[in-house]
Amino acid sequence: MEDVLRDYFTGKLAVSIHLYKLGRVDVDSYELQLLEFKQTVIETMLKVIPLQYVQVLQMHFKNRMTWQEVVRITHIDERTCIRWRDDFRKLVGGNLWRIS
């Protein structure tokens, strides 16, 4: 799950989808559907959580900040940040378990 979130926030997931659609990546249509489904689930779940959660997740996954760096910038307790990440992973994972 951690890899899926990192791929989403860094843009690797979107690039993989784009390259497949351009015909530059050798994967079957099921793999494309799987990538698109992951992207859709994450985007949908990001819309239902508070903006502060989204910002913390972006700092950690997209900007590759450690939790200590996130804490220094946001002044949110480290345990709280990790709990938000865990809650988001459960939220996303609950929708992705069917395809794993």
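Residues are numbered from 1 along each chain as its sequence is written, and side-chain values use heavy atoms, with hydrogens and water left out. Because the model is predicted, local features need pLDDT of at least 70 and side-chain atom pairs count only at pLDDT 80 or more, while totals for chains, interfaces and linings use all residues.

Helix H3 spans residues 29-48 and helix H6 residues 78-96; helices here are DSSP runs of H or I with at least four residues, numbered from the N terminus. The two pack at an angle of about 140 degrees with their axes 10 Å apart, where axes are lines fitted to C-alpha atoms over the stretch in contact and angles run from 0 to 180 degrees between N-to-C directions. H3 and H6 are therefore oblique to each other, since angles under 35 degrees count as roughly parallel, over 145 as roughly antiparallel, 65 to 115 as roughly perpendicular and the rest as oblique. On the H3 side the contact (heavy atoms within 4.5 Å) is made by Phe-37, Lys-38, Val-41, Ile-42, Met-45, Leu-46 and Val-48, and on the H6 side by Phe-88, Leu-91, Val-92, Asn-95 and Leu-96.

In soluble globular proteins, nonpolar side chains tend to be buried together. The largest nonpolar core has 19 residues, among which Ile-42, Leu-46, Leu-57, Phe-88 and Val-92 touch the most other members; such a core is a set of buried Ala, Val, Leu, Ile, Met, Phe, Trp, Tyr and Cys residues joined through side-chain atoms within 4.5 Å. Two or more residues of this core come from each of helix H1 (2-10), H2, H3, H4 and H6, and H3 gives the largest share, five residues. Phe-88, leaving aside its neighbours within four places in sequence, is in contact with Leu-5, Ile-42, Met-45, Leu-46, Ile-49 and Leu-57. A second, separate core of nine residues includes Met-59, Val-70, Ile-76 and Ile-82.

His-60 is buried at a relative accessible area of 10%, whereas His-18 counts as partly exposed at 48%; buried means under 20%, exposed over 50% and partly exposed in between, with a 1.4 Å probe and protein chains only. Not counting residues up to four places away in sequence, His-60 touches Glu-2, Arg-6, Met-65, Thr-66, Trp-67 and Val-70.
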